[in-house]
Amino acid sequence: MLRADCFLSRTEQGSATRRSGRFDNRMKAIVVTDQAAGTAGMMLVERPEPQAAINDVVVQVHASGFVPTELAWPSTWTDRLDRDRTPSIPGHELAGVVTALGYGTRGLSVGQRVFGLTDWTRDGTLAEYAAVEARNLAPLPGDVDFTVGASLPISGLTAWQGLFEHGRIRAGQSILVHGAAGAVGSMVTQLARDAGAYVIGTGRGADRQTVLDFGAKEFVDLENDVLEDVGGVDLVFDVIGGDIGKRSAGLIRAGGTLVSIVGPPEARPADGLAVDFVVESDRAQLIEIVQRVRDGRLRTNIGNVSTLDDAVAAFNPTARIKGKTIIRIRP
């Protein structure tokens with residue numbers, strides 16, 4: 001999934017430069033207006049192309065990621081002042097090419113390949129163009145495909161921050177990773193293994209080989225195995241919550257940590273920490289993550305790749321899809 005063509009052609013660069021002065025064009029985008037409808041309420045429409053505000057860039061989106069749970073986030077429906085902002089464009093992960101720079105923007109240039117995580121309360125990335133704060137983007141190396149780039153920001157940054165900032169994982173420690181076959185869990189598994197930790201992954205029985213292939217040393221089938229048989233661990237990375245999260249608190253060794261990305265833990269370790277957090281954009285971490293992809297130390301977990309025209313159907317599948325769904329905006 002790596003590209004050999006490392007640079008934009010002169011034609012692509014010229015086209016990007018010319019676009020920076022256009023103000024009246026329309027683009028295709030996915031919008032949502034009805035929170036109760038969920039993904040079934042998504043619609044493909046035409047919207048005005050965004051303009052670059054101060055410290056912004058406009059990105060021609062080549063590929064976009066989407067997390068279905070964002071349709072339950074207040075920021076999808078209201079702005080920071082709690083005002084309705086629908087119809088809103090969902091999606092917060094992108095890979096593409098910078099086509100315009102806002103006033104005061106530094107560190108990026110027109111024609112540059114980028115990827116990153118966009119602001120929660122602004123129109124997102126399921127569109128042909130997106131306006132993004134420059135600080136939220138990192139350069140995308142020319143040998144990394146746009147589809148791969150779009151799959152990294154939320155999963156990669158969540159795994160990185162949960163492991164190293166909040167979990168403070170160290171070589172020789174043990175970690176229990178729930179949902180280890182999923183988009184986030186597979187990243188956690190690989191990064192923890194790379195850091196020298198002993199990884200125990202959990203999931204459905206059908207996920208066993210996938211979890212082991214991502215680097216876990218042991219697998220726990222949450223439907224048939226006894227979770228408590230794992231014994232004590234230094235870190236639990238919880239993407240499930242509920243009863244599994246509560247039981248996991250009892251597995252934390254003294255001084256260990258329970259890290260949750262599904263809200264405040266309902267139970268806390270008897271002699272340890274419980275942390276829940278919301279992922280934040282970080283250029284330096286994105287650069288570290290994509291370098292590990294280039295080195296072959298980190299594999300993405302992409303399931304279905306669809307087009308923007310078929311995005312609504314892709315987000316409402318008739319069968320379970322393993323891995324992250326990516327919308328390829330441009331071929």
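Reader: Which residue lies over the face of Phe146?
Author: Arg113 does, at 4.2 Å from the ring centre. A charge sits over a ring if NZ of Lys or CZ of Arg is within 6 Å of the ring centre and within 35 degrees of the ring normal. This is a predicted model, where local features need pLDDT of at least 70 and side-chain atom pairs count only at pLDDT 80 or more, while totals for chains, interfaces and linings use all residues. Residues are numbered from 1 along each chain as its sequence is written, and side-chain values use heavy atoms, with hydrogens and water left out.

Reader: And what sits over the ring of Tyr129?
Author: The charged end of Arg330 is placed there, 5.2 Å from the centre of the ring.

Reader: How many aromatic pairs does the structure hold?
Author: There are 3 aromatic pairs. Rings of Phe, Tyr and Trp (its six-membered ring) pair if their centres lie within 6.5 Å; planes under 30 degrees apart count as stacked, over 60 as edge-to-face and the rest as tilted. One of the pairs is formed by Phe66 and Phe315, which are tilted, with 4.4 Å centre to centre and 50° between the planes.

Reader: Which parts of the chain does that pair link?
Author: It links distant parts: Phe66 is in the loop between β3 (56-65) and β4 (93-101), and Phe315 is in the loop between α8 (311-314) and β15 (324-328), 249 residues apart. Helices (H or I, at least four residues) and strands (E, at least two) are DSSP runs, numbered from the N terminus.

Reader: Are Phe66 and Phe315 buried or exposed?
Author: Both are buried. Buried means under 20% relative accessible area, exposed over 50%, and partly exposed in between (1.4 Å probe, protein chains only).

Reader: What about Trp160 and Phe164?
Author: Trp160 and Phe164 form an edge-to-face pair, 4.8 Å centre to centre with 70° between the planes. Both residues lie in helix α3 (residues 153-166), 4 residues apart, about one turn of the helix.

Reader: Why does Trp160 count as buried, and why is Phe164 partly exposed?
Author: Trp160 counts as buried because its relative accessibility is 12%. Phe164 is partly exposed because its relative accessible area is 28%.

Reader: New topic: where is Ala134 found?
Author: Ala134 is in the loop between β6 (129-133) and β7 (137-139). With a relative accessible area of 5%, Ala134 is buried.

Reader: Which residues does Ala134 touch?
Author: Leaving aside residues up to four places away in sequence, Ala134 touches Asn55, Asp56, Val57, Thr105, Arg106, Leu108 and Arg283. Contact means heavy atoms within 4.5 Å.

Reader: Why is strand β11 largely enclosed?
Author: In β11 (residues 233-238), 6 of the 6 residues are buried, so the strand is largely enclosed by the rest of the structure.

Reader: In which sense do β8 and β11 pair?
Author: Strand β8 (residues 174-177) and β11 pair in the parallel sense over 3 bridges; two strands pair if DSSP finds at least two bridges between them. Leu235 in β11 is the bridge partner of Ile175.

Reader: How many bridges join β11 to β12?
Author: There are 5 bridges between β11 and strand β12 (residues 252-260), and the two run parallel. Ser260 in β12 is the bridge partner of Asp238.

Reader: Finally, how many helices and strands does the protein chain have?
Author: The secondary structure comes to 8 helices and 15 strands. Of the 331 residues of the protein chain, 54% count as buried.
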